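I opened my notebook to work through one structure piece by piece. I wrote each entry as I looked things up.

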Amino acid sequence: MTQEDFPYDATSNLLTHLGADETPASQPKMSWKDRLLRMGEAPPIGSWRGVPASLAIVGLITMTGFQIETIIRGSNFAVLYMLAVIFSALRWGWRAAVLSAVSGALSFTFFFVPPYRSFAVTDIWYLITLIGLLTVGLVISVLTVAAREDARLALRREASTAALYSFTASLTSGNSLSQILDAVARHFAEVFQRPIVVLLPDADRLTVRFRSAELVFRDRENEIVSWVFQKGQEAGCGTEVFPGSRIRYRPLKTGQGIVGVIGFQTKSSKDLLPPDQIELLGIFMNQTALAITRADLAQKAQRAEVLQEADKLQKALLNSVSHNLRTPLASVLGVLNTILEDGVHLDLPTQRSLLKTAQEEAKRLDWLVQNLLDMTRLEGGAIRVKTELCDVHDVIGAALHQLGEAAHSHSISVAIAPNLPLVPMDDVLIVQVLVNILDNALKYSPGAAPIEIEARLQTGQLEIRVLDRGRGIPEQDLERVFDKFFRVALPGAPKGAGLGLSICKGLVEAHNGRILAKRRTLGGTEFAFFLPMEAKRE
Amino acid sequence: MSDPGSRILIVEDEAGIRRFLHASLESHGYSIHEASTGEEALQVVPAFRPDLILLDLGLPGIGGKQVTSCLREWTQTPIIILSVQGDESEKIAALDAGADDYLTKPFGAGELLARIRAALRRVGPQEGGPIFATDGLTVDLVGRSVRLGGQEVQLTPTEYSLLKAFVIHANKLLTHRQLVREVWGGAHYEDTQHLLRVNISNLRRKLEADPTRPHYIITEPGVGYRLRTESRVSSAPSNV
C-alpha cells in the first residue's frame with residue numbers, strides 16, 4: 001500500500017457520512033495528539049506541500065539570528081533550528097522536516113559556525129551540534145510519519161467499525177427482506193459510493209430486487225449474474241470473467257451456500273475499490289448474506305405457522321361441518337326412507353309430522369351451507385362492500401322481514417333516534433348482520449323475553465344495539481363469541497355451527513366498523529355494532 | 001285466487017327442480033311447459049305463448065339476463081327469476097332488463113305460488129282504470145290524490161311520482177335504477193340514488209303505521225322496492 005493509492009479524503013468522506021448517522025458514539029474522539037496532528041488543514045503526509053514554508057521558516061530563523069547574534073551565541077542557535085524541524089514535521093510531514101533539518105544544518109554551518117560564510121567546520125563541538133541537529137530532524141521525521149500513519153489507520157478503523165456498526169444495526173432492525181434490501185441500498189451507496197444492483201433467487205431464476213437509479217442493467221448481464229451465482233466467484237469488470245461488463249459482480253455467500261449477487265457499477269476498469277474498502281465490503285457482504293438467510297428463515301417459519309393455523313382451522317371446520325351437515329342430513333334421509341318404505345303403514349298426521357321434521361332439518365342445513373359460503377367468501381376477500389347511503393329504518397325493517405315467523409314469537413321493539421340521517425353502508429350485508437344477531441338473540445331467549453333494537457348516532461358513528469334478556473354470555477367468552485366455530489358451552493343450548501357471529505364481525509369490519517358483546521346488569525346480552533359515517537373508500 | 005288454466009313456462013336446467021316445479025304448479029291447475037336452456041326457451045315462447053315465465057338465472061349458454069332482454073324486445077309476459085344467493089348483480093341486471101320479480105332458491109311452494117299470483121294479477125292495472133286501492137290506501141291517478149283510511153295524505157310532487165311508479169307497477173319488484181329512471185329521468189343514477197332513499201323514507205313516514213315494519217312499500221335489500229297489494233286492484237271508482 002503506497003500513500004498515493006490512498007487519498008486521505010477517502011477517510012474524511014467516510015467520516016462525513018457517519019457524522020450524519022446521529023450516533024454520537026461514531027464520532028471519533030480526538031486526543032491532544034490528534035489535534036496536534038490535524039492542526040490547520042493537514043495535508044497528506046509526505047506531500048511536497050509545506051516545503052517552501054519550512055524553508056521560509058529556516059530563512060526567518062537565520063535572519064533573526066543575524067539580529068540577535070550578539071545576545072545568543074553559537075551552538076544555542078541550533079536549538080532554534082531544531083524547533084523549526086519539529087514544527088515542520090508536525091505541520092507538514094517528513095519531507096518538510098528533513099528539508100528543514102538539512103537546510104537548518106547548512107544555514108547554521110554557513111552563517112553561525114566559524115569560520116563564517118563557509119561550510120567548513122573546524123570546532124569539534126559545532127560538529128557534534130550539527131550532527132545532533134540532523135539526527136534529531138531525521139528521527140522526528142520518521143516518528144511523525146509513524147505517528148500520523150497510526151492515527152490515520154486508527155481513524156479509518158474507527159470509521160469502518162462505525163460504518164459496519166450502523167449497517168448491522170439497520171440490518172437487525174427489521175426481519176423482512178424489504179427492510180434488509182432497504183438497509184443494503186442505503187449503506188452500500190453511502191460507504192462505497194457506487195451504484196449497486198442486488199439480485200436474489202426467486203423461484204428458479206434470479207431477479208433484480210434493488211437497483212440504484214443510475215445503474216444500467218441490461219438483459220445480457222443476466223448471463224454473468226447466473227455464472228456468479230452458480231460458481232460463487234466474482235465476475236465482470238476488472239476480473240477475467242466477462243471483463244467487458246461495466247459492473248463488477250460479487251456473490252453473497254453464507255456457510256450454507258450462495259444467497260444472491262451484488263453488482264457494483266464502475267466508471268472504468270481502473271475504477272476499483274481500494275484494498276481496505278474491499279476488506280470492509282467483504283464484511284458488509286457477509287452481513288448482508290446472513291441477514292437475507294435470516295429473513296428467509298423467518299419467512300419460512302411464519303409460513304409454517306400460517307399453515308399450521310390453517311391446518312388447525314381446517315380440522316375444526318371439518319369436525320364442525322361433518323357433524324353439522326350430517327346430523328340434519330341424517331334426519332332428512334331418515335324421514336324420506338321411512339315414508340318411501342313404510343308410508344302405507346303410517347297415518348297422515350304421522351307422515352306430516354315426519355315431513356315437518358325433515359323440512360326443518362333441511363332448512364337448518366341450508367342456513368349452515370349459506371353461513372359456510374359467506375365465511376369462505378369473507379375470508380377469501382370475495383365480499384365487496386358496496387356502500388350507499390341507506391335509511392336505518394329500512395335496514396332494520398328488512399331484517400325483521402327476513403326473520404319472518406321467528407320474529408313474531410317474541411316481542412321486538414325498535415327505537416330509532418329521530419332525525420337520524422342516511423348512513424353509508426352496504427344494506428344487504430348489514431341486514432345480514434342484524435338477522436344473525438337477532439337470530440342469536442331469539443334462539444337464546446325464553447319465549448316471552450322482550451328483545452330491543454336501538455339505533456342512534458354516537459360520536460360520529462351509527463350505533464345499533466340489540467338487547468335481549470336471554471341466558472347471557474359468561475364474562476370470559478364475551479370476545480370469543482365472535483371467533484369462528486366458538487360456541488358457548490351451555491347445557492341444552494340450541495344447535496349451531498358457531499359461524500353466525502363471526503360472520504357479523506367480518507361484515508362489520510369490512511365496513512371499517514366494530515362489534516362487541518356485553519353482559520347486561522339485569523341479565524341478558526347486549527350486542528352493539530358501530531359503523532363510521534364516512535363512506536369507506538374503495 | 002289462482003288463475004286455473006294460466007300457462008307457465010319453466011326454464012331451468014336442473015331436472016330435479018323442474019320436476020318439483022312441474023308437480024307443484026300442475027297440482028294447482030296451471031298448465032306447464034318445460035325448457036332446459038335459454039335457447040330452447042326463446043324458441044318455445046312464441047309457440048306456447050305462456051302467461052308467465054319462471055326463468056333460472058344460471059342457465060348454461062344464454063343466461064337468464066339475456067333471455068329476459070331478448071323476450072322484452074317483443075313481449076311483456078311476466079318473468080320471475082329463480083336465483084341462488086350469490087349472484088346478486090346478475091339478478092339486478094335481469095330485473096333492470098325487465099324481469100318482474102325474483103325468488104332465491106331454496107324456496108317453498110307457498111311462496112312461489114304467491115309470487116305467481118301477484119305477477120299474474122299485475123297484468124291489468126294499467127287497463128284497470130285510474131283508481132288504485134289496496135288495504136286502506138287509495139291512489140287516484142287522475143285527480144292526483146292519495147288517501148289513507150279515508151284521510152287525504154299530502155305528498156310532495158317527488159313523493160307522489162314515486163308512489164305513482166309503485167302503483168303503476170303494483171307488486172312488481174322495482175330496482176333502484178328503474179325507480180330513479182321513472183321519477184328523476186335516470187340521467188344521473190349515482191347522484192340521485194340517495195334522493196330515492198330519502199323520499200322512500202319520507203313516503204313511509206306518511207303512509208306506514210310503523211316504518212320499520214312497512215305494510216305497503218317493502219324493501220328488498222340491495223335490489224329495490226315493491227308495493228305490496230293483498231287485495232285485487234279495484235277497477236271501479238267506488239269511494240271518490
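Which residues in α4(A) meet which residues in α6(A)? I noted before answering that this is a predicted model. From α4(A) I listed A:Ala78, A:Tyr81, A:Met82, A:Val85, A:Ile86, A:Ala89 and A:Leu90. They meet A:Thr129, A:Gly132, A:Leu133, A:Val136, A:Gly137, A:Ile140, A:Ser141 and A:Thr144 of α6(A).

**Entry: how α4(A) and α6(A) cross**

I then looked up the geometry of this pair. Helix α4 of chain A covers residues 76–92, and helix α6 of chain A covers residues 124–173. Their axes come within 9 Å and cross at roughly 15 degrees. Angles under 35 degrees count as roughly parallel. α4(A) and α6(A) are therefore roughly parallel to each other. The crossing of the two is right-handed.

**Entry: the two chains overall**

I stepped back to look at each chain. Chain A has 538 residues, and 31% of them count as buried. Its secondary structure comes to 14 helices and twelve strands. I also looked at contacts in chain A with a separation of 6 or more: residues 24 or more positions apart account for 66% of them.

Chain B has 240 residues, of which buried residues make up 37%. I found nine helices and twelve strands there. For contacts in chain B with a separation of 6 or more, 61% come from residues 24 or more positions apart.

**Entry: helix α7 of chain A**

Next I asked which residues of α7(A) are buried. I found A:Ile180, A:Leu181, A:Ala183, A:Val184, A:His187, A:Phe188 and A:Val191. They cover an arc of only 160 degrees around the axis, which means they sit on the same side of α7(A).

**Entry: just past α7(A)**

A:Gln193 lies in the loop between α7 and β1 (196–202) of chain A. It has a positive phi of about 55 degrees although it is not a glycine. I made a note on this: most residues other than glycine have a negative phi. A:Gln193 has 14 other C-beta atoms within 10 Å, so it is partly exposed.

**Entry: another positive phi**

I looked up A:Asn419 as well. Its phi is near 60 degrees, a positive value in a residue other than glycine. A:Asn419 lies in the loop between β7 (412–416) and β8 (423–425) of chain A. Is A:Asn419 buried or exposed? It counts as exposed, because it has 6 C-beta neighbours inside 10 Å.

**Entry: α13(A) against α14(A)**

Here I checked another helix pair. Helix α13 (residues 427–444) and helix α14 (residues 500–510) of chain A pack at an angle of about 150 degrees. Their axes are 9 Å apart. Angles over 145 degrees count as roughly antiparallel. So α13(A) and α14(A) are roughly antiparallel to each other. This crossing is left-handed. Among the residues making the contact are A:Leu429, A:Val433 and A:Ile437 of α13(A), and A:Leu501, A:Cys504 and A:Leu507 of α14(A).

A:Glu479 lies in the loop between β10 (461–467) and α14 of chain A. I counted this residue as exposed because it has 12 C-beta neighbours inside 10 Å. A:Glu479 and A:Leu516 are 37 residues apart along the chain, with C-alpha atoms separated by 7.4 Å.

**Entry: where the chains touch**

How many residues does the contact take from each chain? I read 18 residues from chain A and 18 residues from chain B. On the chain A side, the elements giving two or more residues are α10 (348–379), β6 (388–390), α11 (392–403) and α13. The largest share, seven residues, comes from α11(A).

**Entry: inside chain B**

I finished with chain B. A cis peptide bond joins B:Lys105 and B:Pro106, with omega about -5 degrees. B:Pro106 lies in the loop between β5 (101–105) and α5 (109–122) of chain B. Most peptide bonds are trans.

Methods:
Residues are numbered from 1 along each chain as its sequence is written. Chains are lettered from A and ligands numbered from 1 in the order in which they are written. This is a predicted model: local features need pLDDT of at least 70, side-chain atom pairs count only at pLDDT 80 or more; totals for chains, interfaces and linings use all residues. A residue is buried if 20 or more other C-beta atoms lie within 10 Å of its own, exposed if 12 or fewer, and partly exposed in between; C-beta atoms are placed from the backbone. Helices (H or I, at least four residues) and strands (E, at least two) are DSSP runs, numbered from the N terminus. The arc is that of the directions from the helix axis to the C-beta atoms. Axes are lines fitted to C-alpha atoms, for helices over the stretch in contact, and angles run from 0 to 180 degrees between N-to-C directions. Angles under 35 degrees count as roughly parallel, over 145 as roughly antiparallel, 65 to 115 as roughly perpendicular and the rest as oblique. A crossing is left-handed if the near helix is turned anticlockwise from the far one by less than a right angle, and right-handed if clockwise. Two residues are in contact if their C-beta atoms, placed from the backbone, lie within 7 Å.
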